[in-house]
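I opened the model today and noted what I looked up, entry by entry.

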Amino acid sequence: MLKLIKKVLKTGTATVGYPFQPLDLAPNFRGKPHYTAQQCIACGACANACPSNALTMTTAEDGETIRWQLFLGRCIFCARCEEVCPTAAIKLSQEFELAVWRKEDLYETADFPVCHCRECNKPYAVQKEIDFALSLLQESAALSDRQISDRRVQYETCPTCKKMHGLSSSDRIDIGRHMTTEAR
């Protein structure tokens, strides 16, 4: 028995003083997702990539907004949302203490206004996503303000109206020569 006590005293403390002392976490520790709604363009890439369906995007009944929602009760902290986000609006933090008194406190939401088609006035895309695409286009192609305003008309027109009015660039592409089949 003395031999065991001597060995324990020689080894030292095997546990940590948590919750009285902070835990040392690894730099790559994946904790609670931190979401920045101002940076988000509501593209839905995170919701599509989430294997546990903790992230959802739903359209409001009136069609005026799209709601982004994270339910931490389902999140498995896999970091797929962080990997696919084009604007880095979601990052996994070092926070891991997620106990709450009410289930509603596990939800995080953000609402985004929907752009209406210039022709038929039907809602079809998130306005922030259109603005983001146009800003990327302006930065990469160095377009003038007039060219950007012309593109904005194209971007703010739904696909159905684009086809009806010939605004779609796919109408001007000839794919006939690639689709031929030879009789053998």
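**Strands.** I started at L70 and looked for its bridge partner in β5, which is E108. This is a predicted model, so I read every value below as computed. I then checked how β3 and β5 run: they are antiparallel and joined by 7 bridges. β5 covers residues 107–116.

**I66.** I placed I66 in strand β3, residues 65–71. Is I66 buried or exposed? I66 counts as buried because its relative accessible area is 16%, and the cut-off for buried is under 20%. I listed the contacts of I66, leaving out residues up to four places away in sequence: M57, T58, T59, A110, D111, F112, V114 and V126. I also took the C-alpha separation of I66 and R118, which is 19 Å. The two residues are 52 apart along the chain.

**Salt bridges.** A search of the whole structure gave me 8 salt bridges. I looked at D111 and R67, whose closest N and O atoms are 2.8 Å apart. The pair links distant parts of the chain, with D111 in strand β5 and R67 in strand β3, 44 residues apart. D111 is partly exposed at 42% relative accessibility. R67 is partly exposed too, at 36%.

Next I checked R102, which forms a salt bridge with D105 at 3.0 Å between the closest N and O atoms. R102 has a relative accessible area of 48% and counts as partly exposed. D105 is partly exposed at 41%.

Then I turned to E156 and R118, whose side chains meet in a salt bridge at 2.8 Å, N to O. E156 sits in the loop between α5 (145–155) and α6 (159–165), and R118 in the loop between β5 and β6 (123–126), so the pair ties together parts 38 residues apart in sequence. E156 is buried at 9%, whereas R118 is partly exposed at 44%.

**Cysteines.** How many disulfides are there? The count comes to 0. I checked C75, whose closest cysteine sulfur is in C81, 6.4 Å away and therefore too far for a bond. The cut-off is 2.5 Å. C115 is in no disulfide either, with the nearest cysteine sulfur, that of C117, 7.9 Å away. C75 is buried at 16% relative accessibility, and C115 is buried at 4%.

**S52.** C75 came up again when I looked at S52. S52 touches R74, C75 and I76, not counting residues up to four places away in sequence. I located S52 in the loop between α2 (45–49) and β2 (55–59). S52 counts as buried at 11%.

I asked how many of the 10 residues of α1 are buried. The count is 0, and α1 is hardly covered. G12 follows α1 and has a positive phi, near 95°. M1 lies in the segment before α1 (2–11). M1 is exposed, with a relative accessible area of 74%. I also noted a nonpolar surface patch of about 720 Å², made by M1, L2, L4, I5, V8 and L9.

How values were computed:
Residues are numbered from 1 along each chain as its sequence is written. This is a predicted model: local features need pLDDT of at least 70, side-chain atom pairs count only at pLDDT 80 or more; totals for chains, interfaces and linings use all residues. Side-chain values use heavy atoms; hydrogens and water are left out. Patches are made of residues with over 30% relative accessible area and no salt bridge: like charges are joined within 9 Å, nonpolar side chains (Val, Leu, Ile, Met, Phe, Trp, Tyr) within 5 Å. Accessible areas come from the Shrake-Rupley method with a 1.4 Å probe; for residues, only the protein chains shown count as cover. A salt bridge is a side-chain nitrogen of Lys or Arg within 4 Å of a carboxyl oxygen of Asp or Glu. Helices (H or I, at least four residues) and strands (E, at least two) are DSSP runs, numbered from the N terminus. Buried means under 20% relative accessible area, exposed over 50%, partly exposed in between (1.4 Å probe, protein chains only). Contact means heavy atoms within 4.5 Å. Two strands pair if DSSP finds at least two bridges between them.
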